[in-house]
Amino acid sequence: MSAIQTTVVLAMTADGKISSVDPNVPGYSDADDQAHLEYQFSLADLVLVGAGTIRTEGVTFTIRNPELLAAREVRGQPPQPITCVVSGSLDLSLDLPFLTQDIERWIFTTHTGLERNSDATALQKLAELIDLGDTDLDWERAYTLMAERGIHKIVALGGGSLTASLAQAGRIDDWWLTIWPVIYGGKHASSPVEGEGFVANAIPHLQLLETRQIGSELFLHYRTLK
């Protein structure tokens, strides 16, 4: 583990889904969940988000609460954290609204992604493209680079493939999970941690640090046991 603290912040249904099999079902959210996300987001120097999530959402989350913005200024942080999209294939369209938001943008990608995307040169003008391996992302390299650039706190927002990749690399220090009081169902619906799954001797174990209940929502804070 590096000196950089990495916190996963995500929300899921009571049956462990982060999206529905029906694309017409709107994402569940309410004011309490949004306030929780904004606070956690405001602590970050850099936010990691998967390419699938940014393609679906179109934009990255931004801080609007004046008190949180003021607190970042006191800490010497810019108004918004860097948003870093993780896309090994660099499958990102130039017309994504994310690429014109008033934020600092990075994209973690691979040499193969840079070679295969004909828009790579144009993307380089809109975000910093960072090559982290030939075909697979090298998280050791990524964390070394982030440490060299003064990153101390990362918030990872998913989706499931990104979270699985970080867990596999042993980079997640703690988790904030919001449990929504709904059921999505569906064996093909996305879950918080996807990928190939873990073998018996590599399963991450967690320690529950804190629970909060607001209405019918639960907010659970876990630490990854070393």
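Two strands count as paired if DSSP finds at least two bridges between them, and in this predicted model strand β1 (residues 5–13) is joined to strand β6 (residues 153–156) by 4 bridges, the two running parallel. Within that pairing, T7 stands opposite V155 in β6. The points below cover the sheet, the nonpolar cores and the aromatic residues.

**Sheet and packing helix**

- The open sheet is built from 9 strands with mixed pairing, in the order β5-β4-β3-β2-β6-β1-β7-β9-β8.
- Because β5 (128–131) and β8 (206–214) stand at the edges with a single partner strand each, one side of each has no neighbour in the sheet.
- On average, and with direction ignored, neighbouring strands of this sheet are turned by 20° against each other.
- Helix α7 (residues 160–168) packs on the sheet, where it touches β1, β2 (46–50), β3 (82–86), β6 and β7 (174–180), and its direction makes about 120° with that of β2.

**Nonpolar cores**

- The largest nonpolar core comprises 29 residues, and those with the most contacts inside it are L46, L48, W106, F108, W139 and M146.
- Two or more residues of this core come from each of β1, β2, β3, β4 (105–109), α6 (139–148), β6, α7 and β7, with α6 giving the largest share, 5 residues.
- Leaving aside residues up to four places away in sequence, F108 touches a set that includes L48, V86, I130, L137, W139 and M146.
- Another core, of 15 residues, lies apart from the largest one and has I54, L90, L96 and L123 among its members.

**Aromatic pairs and charges over rings**

- The structure holds 4 aromatic pairs, one of which is the edge-to-face pair of F108 and W139, with 6.2 Å centre to centre and 70° between the planes.
- Since F108 lies in strand β4 and W139 in helix α6, this pair ties together parts that are 31 residues apart in sequence.
- F108 counts as buried because its relative accessibility is 0%, while W139, with a relative accessible area of 5%, is buried as well.
- The rings of W139 and Y143 have centres 6.3 Å apart and planes at 65°, so this pair is edge-to-face; both residues lie in helix α6, 4 residues apart, about one turn of the helix, and both are buried.
- W106, F108, W139 and Y143 together form one aromatic cluster.
- Two rings of that cluster have a charged end over them: that of R149 sits over the ring of W106, 4.9 Å from its centre, and that of R171 sits over the ring of Y143, 4.4 Å from its centre.

Definitions and conventions:
Residues numbered from 1 in each chain as written. Predicted model: local features only at pLDDT ≥ 70, side-chain atom pairs only at ≥ 80, totals over all residues. Heavy atoms only, no water. Axes fitted to C-alpha atoms, helices over the stretch in contact; angles between N-to-C directions. Contact = heavy atoms within 4.5 Å. Core = buried A, V, L, I, M, F, W, Y, C linked by side-chain atoms within 4.5 Å. Buried < 20%, exposed > 50% of the residue type's maximum accessible area, 1.4 Å probe, protein only. Phe/Tyr/Trp six-rings, centres within 6.5 Å; stacked < 30°, edge-to-face > 60°. Lys NZ or Arg CZ within 6 Å of the ring centre and 35° of its normal.
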